Structures are given as C-alpha cells and as structure tokens.
Amino acid sequence: DKAEHVCQSEDDAAVAHFNRGVDRFDQGDAAAAIDAYKAAIAIDADYCDAIDNLALIYRREGRLDEAIALYERSLAIAPHNQFAWQNVGVAYRMRGRHADAMRAYRQLAALSPANPEGWFGVAQMALMAHQAAEARDAARRAEALYVAAGSPLVDDARLLLGFAAIALADWPTVRATLEPQYAKLASDAEVNLALGKAYLEPDALDRAKARQYLQRARDLGATVTDALWQRAR
C-alpha cells in the first residue's frame, strides 16, 4: 500500500521503485513487482515496507524460506511491525514451524490486542498443539473483534471455538458454534460425534437428534460406543 508505511524511506528513488512495485503487483505482474521492490531495497536496505511486500510475493509463490528470511529482516529493523508479525506467522505455519508461528501470533496479539488476526492465529496454533483452553480463549477474543468489525471471518473464529469446545467437552458451545455451520461440516466424523454427545446432555436433551448425528458419525468411521448409542435410544 502506497499510503501506509511502517518505515517510510527518505530516499525518493527508493520510494519511486516501491510505488512501481505496488502498481505492477496490482496489475498482476509479480515478476516486475519483485524487480521493483529489490531495486528499492538496494537503495535503502532498511526500507521494511519494500522488504515486507517482496516477502509477501515470495510467500504466495511458495518460496517460504526466502519469505521468512525477509520478514525476519524486516522485524529486526522494525520490531513493532504488525504486518510482518502477522505474515511471518502465516509463513512459519505453512513451513511447519508451529512453535515459531505461535510466537509470532502471540507477539502480534501483544502489540495490537484489537487486531483479531493475532488472536485467530493463536487459536489456530493452540488447537494444533492440543492446548484447548488457550485456543478457546483466543478464539473468543477473535470472534468478538470480528463481530465488532463486521467481518465475515467471524464464522472461521467460531469454528475454532467449536473445535476447542469439543476438546473441553463444552457441549453448549459445541451446539452454538458448530451446528449453525453444519452444512460445511457434515462429512466430519468428529463434529457429528460431538453434536451427538451434545444432544444427550440434560440442558438440551434430544435423543432423536443425537441418534441422527451419532449414526452419521458411525457411517463416517467414528467409534460410537454401545453405551453412548444406548443413551440415545
């Protein structure tokens, strides 16, 4: 973005190359954008905005190690750079460096508590690490912030919250978060099993609905114990 800079260069030539890079990228010419950002960085080695934009192209092209190296370089220049923390988190996650991704997302959440992306990333990584309580808390923060922003990503945050709730046996939250999005979860055995259990709880007892979900879970290969099935009859 030409208008928003984290560490604006004071060199007019570097800025001109940066602006050309933005234009070329917007026109779909990634190769020309790469050349322009490299030219800007060659003039001003601390121009972290050019470094970030170059890293973003590399990340989208699957050149993850190069992208990560650039983001780390940018963060060494501007440790407050939220854009770089967010995007290096994505790159780390894609590269399978999950502990580094969690570190990046936590740093983003600490730097900008009102940015839902940090909390969403923490929730993602916590779920992968089987840290359900942290995933639940972070997903709730992300959900609230997405709601306040009117973002459609709120549904994604609710999915994370729902999966954390399964691990925590929080059946009311399972019902509230996963059932409204069931159409895209119908082939997930874990979700069907969880919803079956959720409708055997006293606060929402519905054996017919529980049987429907448990049968679907069974059909998808989940283990439905005889004791659980008997409770649904």
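1. Basis. In this predicted model, local features need pLDDT of at least 70 and side-chain atom pairs count only at pLDDT 80 or more, while totals for chains, interfaces and linings use all residues. Residues are numbered from 1 along each chain as its sequence is written, and side-chain values use heavy atoms, with hydrogens and water left out.

2. Secondary structure. The protein has 13 helices and zero strands. Helices (H or I, at least four residues) and strands (E, at least two) are DSSP runs, numbered from the N terminus. The pattern along the sequence is accordingly written α-α-α-α-α-α-α-α-α-α-α-α-α.

3. Overall dimensions. The radius of gyration of the protein is 23 Å, whereas a compact globule of 233 residues would have one near 17 Å. That radius is taken over C-alpha atoms, and the globule rule is 2.2 Å times the number of residues to the power 0.38. Along the principal axes, the C-alpha atoms fill a box of roughly 75 × 30 × 30 Å.

4. Burial and surface. Of the 233 residues, 46% are buried. Buried means under 20% relative accessible area, exposed over 50%, and partly exposed in between (1.4 Å probe, protein chains only). The protein exposes about 11300 Å², and carbon and sulfur atoms supply 50% of that area. Accessible areas come from the Shrake-Rupley method with a 1.4 Å probe; for residues, only the protein chains shown count as cover.

5. Contacts along the chain. Among contacts between residues at least 6 apart in sequence, 46% join residues at least 24 apart. Contact means heavy atoms within 4.5 Å.

6. Two loop residues with positive phi. His-130 is not a glycine, yet has a positive phi of about 60 degrees. His-130 sits in the loop between helix 7 (116–128) and helix 8 (132–149), and counts as exposed because its relative accessibility is 75%. Ala-169, also a residue other than glycine, has a positive phi near 55 degrees. The loop that holds Ala-169 runs between helix 9 (154–167) and helix 10 (171–178). With a relative accessible area of 42%, Ala-169 is partly exposed.

7. Leu-160. This residue of helix 9 has a relative accessible area of 12%, so Leu-160 is buried. Leaving aside neighbours within four places in sequence, Leu-160 is in contact with Phe-120, Ala-123, Gln-124, Leu-127 and Ala-139. The C-alpha atoms of Leu-160 and Ala-135 are separated by 7.4 Å, with the two residues 25 apart along the chain.

8. Thr-173. Helix 10 holds Thr-173, which is buried because its relative accessible area is 13%.

9. Second largest pocket. Its volume is about 160 Å³. A pocket is an open set of points on a 1 Å grid over the protein atoms alone, where a 1.4 Å probe fits, with protein on both sides within 12 Å along at least five of seven lines; lining residues have an atom within 4 Å of a point. The volume is the space filled by probe spheres set on the points. The lining includes Leu-56, Arg-59, Gln-86, Val-90, Phe-120 and Gln-124. Helix 3 (48–60), helix 5 (82–95) and helix 7 each give two or more residues to the lining. By class, the lining has six nonpolar, three polar and three charged residues. Here Ala, Val, Leu, Ile, Met, Phe, Trp, Tyr, Cys and Pro count as nonpolar, Asp, Glu, Lys and Arg as charged, and the others, Gly among them, as polar.
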